Amino acid sequence: MKQRQGLNRRRVVAAGAFAASGAALLAARPADQGAPHAGEFAAIARALKAAGLAAQPTLVVDRARLRANAAKVQAHAQDHRLALRLVNKSLPSLRLLDEVGAAAPGARQMVFSLPYLSLVARERPQTDVLLGKPLPAAAAAAFLAAPPASGFDPTRQLQWLVDSPHRLAQYRDLARGRGQPLRINIEIDVGLHRGGVADEETLRSMLQMVREEPLLRFAGFMGYDAHTQKIPDIAGARERAHREALATYQRLVDVLRGSPLMPQAGPLTFNTAGSPTFRLHDGSGAANEVAVGSAMVLPSDFDTPLLADLEPATWIATPVLKVSDFAAPEGVGALGRLARAWDINHRTAHFIHGGHWLADPVSPPGLSTSVLMGLSSNQQLLIGSGTQALRPDDMVFFRPRQSEAVLQQFGDIAVYERGRIVDQWPVFPARG
Ligand SMILES: Cc1ncc(COP(=O)(O)O)c(C=O)c1O
């Protein structure tokens, strides 16, 4: 009798434990992450359809958000008496660049390749250009051999970036060979260690070379400091790196100003920063201008506290081709069934037009890729609960992680404003 009572108690305890773990398991099951498009994305989808742009992957820019971001970036520069230089490769469309300020008289751009230099010099001949990377002297030679007939004057409007005595010698030889003056901006290493001059000795020797060659005109420094916000922030590493970058810049400018090699040039360009760091510059450092591109459209890689007041302004929109119950491919069918049974967000399959971009799905919410299917540039699978209520020909939206090299993958940019597609902006050719 006693034995039986013990047995019953054990059974009750076991049943209780079973029920409790079952409840815990149920509680751990993922909730439905899905929902239909919020109003804003529904409105953009309607506008794309109305404009006949819903049949292909299309890049959309929200003009109001773009203008608001540009106004904030410009206000920061103005408030701190810093010039603003637009990063050409991060905003790869002349009309997009115009929209954020490049159309203003004397507007400055940082350009990173020969094809884009030629394009800007030809199509926007008023632009003041600083190269953002040291191009091979052969690229400079090619540009100078076929100057645009637009009125762009390289002697006045173009600063070639030079990172070493060796490259400076190449540019000097180019200037001599052509009998043509070249403006030289020296890349300085303020801590990124991507290149440029780090030590005073090398800087002095380069300034000496510039001084000895009347065809070379010293134009300034470029010191890029994005690392100060990209490195892991271990024990205040970012703050320290920022302070060191400022100090290095100042030290090298002091070398220049204090040296008899100080050129008799006009105003000099002391460029620094990029989207991740321009807000750290308040005009009290040696730099007198900041370069900014990506922040204008705020791709997701730039979601940082320093840029928290800016808004995403660009998306990839693409049509859904097929919607069905999710079935994983043969070979992993059982795993697919398990995933479906466990996670409501694995119930529905959506195959879209294109995919595998440097971008993440943002609307409707609750869509994700599946490890059981992988990625595809042709027809990407997005799984979801089905609560998104998507049907074939409906649109889904991705947010780019970066703008460089992504914005020009879709043909003309569709410009969205107050419920309509109001313009289409051609993009740069992919080969930059
Ligand atoms: C020299 C230089 N300056 C500035 C930038 C910043 O560009 P963005 O504002 O798009 O981050 C870059 C980006 O690569 C760069 O190489």
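This is a predicted model: local features need pLDDT of at least 70, side-chain atom pairs count only at pLDDT 80 or more; totals for chains, interfaces and linings use all residues.
How many residues has the largest nonpolar core, and which of them have the most contacts inside it?

**Figure 1. The largest nonpolar core.** This core has 102 residues. Those with the most contacts inside it are Val100, Trp160, Tyr171, Ile184, Tyr249, Val292 and Ala317. Helix 11 (residues 237-258) gives the largest share of the core, 7 residues. Both domain 1 (39-58 + 312-425) and domain 2 (92-292) supply at least three residues each to this core. In soluble globular proteins, nonpolar side chains tend to be buried together.

**Figure 2. Domain 1 and domain 2.** The domain assignment of the protein chain places residues 39-58 and 312-425 in domain 1, and residues 92-292 in domain 2. Between their C-alpha centres lie 40 Å. The contact involves 4 residues of domain 1 and 4 residues of domain 2. On the side of domain 1 that touches domain 2, 3 residues are nonpolar, 1 is polar and none is charged.

**Figure 3. Surroundings of Ala317.** Ala317 is one of the residues with the most contacts inside the largest nonpolar core. Leaving aside residues up to four places away in sequence, Ala317 touches Ile44, Ala45, Leu48, Thr58, Val60, Met395 and Phe397.

**Figure 4. The shell around the ligand.** Around the ligand are Val87, Ser90, Met110, Gly132, Tyr224, Gly274, Ser275, Ala291, Val292, Gly293, Ser294 and Ala295. By type, the shell consists of 6 nonpolar and 6 polar residues, with no charged ones. Val292 of this shell is also among the residues with the most contacts inside the largest nonpolar core.

**Figure 5. Thr127 in its loop.** Thr127 sits in the loop between helix 5 (114-123) and strand 4 (128-131). Is Thr127 buried or exposed? Thr127 is buried, because 23 other C-beta atoms lie within 10 Å, and the cut-off for a buried residue is 20 or more. Not counting residues up to four places away in sequence, Thr127 touches Ala102, Ala107, Gln109, Val120 and Gln157. Leu203 is 76 residues from Thr127 along the chain, and the C-alpha atoms of the two are separated by 28 Å.

**Figure 6. Strand 15 and its partners.** Strand 1 (residues 58-62) and strand 15 (residues 413-417) run parallel and are joined by 3 bridges. Here Asp62 stands opposite Tyr416 of strand 15. Strand 15 also pairs with strand 16 (residues 420-425), in the antiparallel sense, over 5 bridges. In this pairing Val415 is opposite Asp423 of strand 16.

How values were computed: Residues are numbered from 1 along each chain as its sequence is written. Domain bounds come from an automatic or database domain assignment. Two residues are in contact if their C-beta atoms, placed from the backbone, lie within 7 Å. Ala, Val, Leu, Ile, Met, Phe, Trp, Tyr, Cys and Pro count as nonpolar, Asp, Glu, Lys and Arg as charged, and the others, Gly among them, as polar. A nonpolar core is a set of buried Ala, Val, Leu, Ile, Met, Phe, Trp, Tyr and Cys residues joined through C-beta atoms within 7 Å. A residue is buried if 20 or more other C-beta atoms lie within 10 Å of its own, exposed if 12 or fewer, and partly exposed in between; C-beta atoms are placed from the backbone. Helices (H or I, at least four residues) and strands (E, at least two) are DSSP runs, numbered from the N terminus. A residue is near a molecule or strand if its C-beta atom, placed from the backbone, lies within 6 Å of it. Two strands pair if DSSP finds at least two bridges between them.
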